[in-house]
Amino acid sequence: MQIDVVRSWWRTRRAMRMSAGELAAYRERQWLALQPALVRTPALAQYAGKPLGEYPITEISDLRTDYGRWNSLGLTDAELREMADAAERGEDTGDVVVGWSTGSGGGTRGLFVANARERADYLGQSLARLLPLRALLHRQRIALHLRAGSALYSDVESGRMAFRHVSLDRSSAEALRELEAYLPTILIAPPHRLIDFARQGVNLPDLRHLFTGSEPISAAETNYVTSMVGLRPRSIWQATEGFLGAECAEGRLHLNDHALAIELEPVCGISAFRPIITDLRRRSQPVIRLRGDDLVELADDGSCACGYAGRMIRPVAGRAGELWRLGDVTLTPRQVVEAVEGALDASWNWQASAGQHEAILRVTRDAPAEAAARAQQALARLVPVHVRVEHTLPAWTGPKRRKVVWTPSYTAA
């Protein structure tokens, strides 16, 4: 396994020095090498050997109806679901790991399948994209503060690299105590937990690299965590559909154009896209032209000082299902977040929801009334409906928070 991690690391580092044209040619070679796995995948077998553009675009909901059709291992939907449940119980499922994802903001979870080589490839890519070479020359204690366990990583532990999974099922206070006892050098956690830790006065003196993912983090939140923790969190864009992008050391979020073919589908009314995702390296569970729901906004086309030619995008701020479409006005989650957090400090929890006739800004009971009123006014300047404030927001529960919500069927009382 270790040699596979090293090979993946080296392959990724080499790709990170390629030009955009060289990356395109590299993707084409990987696409050709993927075809035998597609022949063994029932949902895709009839298209094997054809150009990528001739494959149908698939909705994630369609894939989730029958995972048996979307794997090349001959496993049925029932077998895969039982293996994922067994993994949740801590049982060993052998070379093939099957697990449940964190889930979308609506709570729907996806199922992922990965064999030992794919897990090594995932880890090698992650290390190459996220850490400088010097970090790999020292012992690292990596803390994964995620909902699911660390099956993707635990079988590649070594004397130089140790992993600790700290479950999101634990309260933030309990999780912070465990992290402070473990003293990680690298921490990966969702934004809402990093903010909780910052409020509690986190003390992780050995921490050298901080990453965040699974939900959007705003610029104001990034600045708040940086000021309180002493490290700037770098974003990872990851989903059940794959490792889609990562923020480089220069602070730019790059698509992983070395390992995925991501098409950008325009979204009506805004300058943003939905990703059509093809993972060129996954064979156990091929991901071919799968339509994601995240909103992708391109950054400028200039080159990045980090040297990687993967396309640059703005940090993902929300999903297509969270767009506020109010008559002739369409607001993106980013616009809502920037309006609210321009008035309400990022250390306060809030949630903004809208329907056709009203928008509601919910804040915690202890949030300053004056700041909440300013945030209400900022939203009112953007939307053609009434905006009201409620100091009724409970603590975040579940593995993901939802700060911007669209409920088209809602009508004001």
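Which residues of α2 are buried? They are Leu 23, Tyr 26, Gln 30, Trp 31, Leu 34, Gln 35, Ala 37 and Leu 38. Buried means under 20% relative accessible area, exposed over 50%, and partly exposed in between, with a 1.4 Å probe and protein chains only.

This is a predicted model: local features need pLDDT of at least 70, side-chain atom pairs count only at pLDDT 80 or more, and totals for chains, interfaces and linings use all residues. Residues are numbered from 1 along each chain as its sequence is written, and side-chain values use heavy atoms, without hydrogens and water.

**Helix α2**

Helices (H or I, at least four residues) and strands (E, at least two) are DSSP runs, numbered from the N terminus. Helix α2 covers residues 20–39. Its 20 residues should span 28 Å at 1.5 Å a residue, and the end C-alpha atoms are 29 Å apart, which agrees. The expected span is 1.5 Å times one less than the number of residues. The helix bends by about 30° at Ala 33, and Pro 36 follows within four residues. The bend is the angle between axes fitted to the seven residues ending at a residue and the seven starting there. The cover over the buried residues of α2 includes α1 (2–15) and β12 (273–279).

Contact means heavy atoms within 4.5 Å. The contacts in the table leave aside neighbours within four places in sequence.

| Residue | Relative accessible area | Contacts |
|---|---|---|
| Gln 351 | 16% | Ile 360, Leu 361, Arg 362, Leu 393, Trp 396, Arg 402, Lys 403, Val 405 |
| Val 202 | 15% | Leu 176, Glu 180, Phe 197, Val 229 |

Gln 351 sits in strand β17 (residues 350–354). A polar atom of its side chain lies 2.6 Å from the backbone oxygen of Arg 402. Val 202 is in the loop between α9 (191–199) and β7 (209–212). Its C-alpha atom is 10.0 Å from that of Gly 230, 28 residues apart along the chain.

**Cavities and a pocket**

On a 1 Å grid over the protein atoms alone, a cavity is a set of points where a 1.4 Å probe fits but cannot get out; a pocket is an open set with protein on both sides within 12 Å along at least five of seven lines, and lining residues have an atom within 4 Å of a point. The structure holds five cavities of 30 Å³ or more.

Of its 18 lining residues, Arg 13, Leu 131, Pro 132, Arg 234 and Ala 249 lie nearest its centre. Helix α5 (residues 116–130) gives the largest share of that lining, three residues.

How values were computed:
A polar contact is a pair of N or O atoms within 3.5 Å; within protein, one must be able to donate a hydrogen and the other to accept it, and residues adjacent in sequence count only if both atoms are side-chain atoms. Grid points are joined across faces, edges and corners, and a volume is the space filled by probe spheres set on the points.
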